[in-house]
Amino acid sequence: MTRHPYRLAAALLLCALPLAACDSSSEAHQNSPEATVVTAPPQLGEGTFTTPDDADRTDVESTAEVAALMLHSWDTTTDRTETAAAIRTKPLMSPDWAANQIEPERNAAGAPWLVAAEHQGYSTPSIVPVQGDLNQDVAPDKAIRAYTVEWTWNTRDGTTVHDAGRRQITLYLEEHDGQWEVVGHQSRDMSKTP
C-alpha cells in the first residue's frame with residue numbers, strides 16, 4: 001500500500017478550514033459591538049452644585065461662602081444623609097476638622113428630605129451674611145463668618161416640594177500658608193418661612 005502524506009495533509013487541512021472558519025466567525029460575533037443601553041447616574045445636583053474649585057482660597061469671604069453653600073447642597077439620588085455634603089466640603093477644611101466629618105448610619109433630616117427623595121430631589125441653597133458682630137476677624141489669620149442659608153428642593157420628575165429649609169451657619173476659619181480653611185462649623189435650624 002502506497003501512502004501519500006501530502007494528500008492526507010491536504011485532506012486534513014481542508015477539513016480543518018471550515019471548523020476554523022466557524023470558530024473565527026463565532027469569535028468575531030462575540031467581539032462585535034452590541035447595542036447596549038447604559039444608564040448614567042444623574043449628575044450631582046444636575047451640575048448646579050458649588051465645588052471646592054469655586055473658592056478663592058486666598059480670600060476668607062470666598063472660602064466661607066463656598067463652604068456654606070456646599071454644606072447645604074444635597075442630592076437625594078446619591079446622598080444618604082446631610083453629612084454627605086460635609087464630606088464633599090472636606091477639601092476646604094483643615095485635616096483635623098475634615099476627619100470629624102463622618103456620615104451617620106441613619107438620616108435624621110426628616111420629612112422634607114424623604115419627600116424630596118421620592119422625587120429624586122436636590123437642594124438649591126442661597127446664603128446671606130448675618131448682620132451684627134458674629135462676622136469678625138479675630139486675628140490676621142483667624143476669622144468667623146456667619147450666614148443665613150435657605151434652600152428649596154428641585155425634583156427631577158417636576159413635582160413641587162413645598163418644604164423649604166432655613167438655617168444659620170457659623171464657620172470658623174484659619175489661614176495657613178496663604179490658604180484659608182474651615183477649622184470648625186456649627187449650625188442651628190431656624191423657623192421656616194412660608
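Predicted model: local features only at pLDDT ≥ 70, side-chain atom pairs only at ≥ 80, totals over all residues.
Residues are numbered from 1 along each chain as its sequence is written, and side-chain values use heavy atoms, with hydrogens and water left out.

View 1. R145 is buried, at 7% relative accessibility (buried means under 20% relative accessible area, exposed over 50%, partly exposed in between, with a 1.4 Å probe and protein chains only). Neighbours within four places in sequence aside, residues in contact with R145 include V60, E61, A64, I169, L171 and L173 (contact means heavy atoms within 4.5 Å). Strands and helices are DSSP runs numbered from the N terminus: helices are H or I of at least four residues, strands E of at least two.

**View 2. The largest nonpolar core, with 27 residues.** Such a core is a set of buried Ala, Val, Leu, Ile, Met, Phe, Trp, Tyr and Cys residues joined through side-chain atoms within 4.5 Å. Y147, W153, I169, L171 and L173 touch the most other members. At least two residues of this core come from each of α2 (60–70), α3, α5 (111–118), β3, β4 (161–176) and β5 (179–189). Helix α2 gives the most, with 6 residues. Not counting residues up to four places away in sequence, Y147 touches, among others, E61, A64, A68, I127, V130, I169 and L171.

**View 3. The largest pocket, with a volume of about 260 Å³.** A pocket is found on a 1 Å grid over the protein atoms alone, as an open set of points where a 1.4 Å probe fits, with protein on both sides within 12 Å along at least five of seven lines; lining residues have an atom within 4 Å of a point. Grid points are joined across faces, edges and corners, and the volume is the space filled by probe spheres set on the points. The lining has 17 residues, of which L71, E82, T83, A86 and R167 lie nearest the centre. Elements giving two or more residues to this lining are α3, β4 and β5.

**View 4. A84 in helix α3 (residues 83–88).** A84 is buried, with a relative accessible area of 11%. Beyond four places in sequence, A84 is in contact with D79 and E103. Its C-alpha atom is separated by 9.7 Å from that of H72, 12 residues apart along the chain.

**View 5. E46, a residue with positive phi that is not a glycine.** Phi of E46 is about 55 degrees. E46 lies in the loop between α1 and α2 and is partly exposed, at 39% relative accessibility.

**View 6. D177 in the loop between β4 and β5.** The phi of D177 is near 55 degrees, a positive value in a residue other than glycine. D177 is exposed, with a relative accessible area of 81%.
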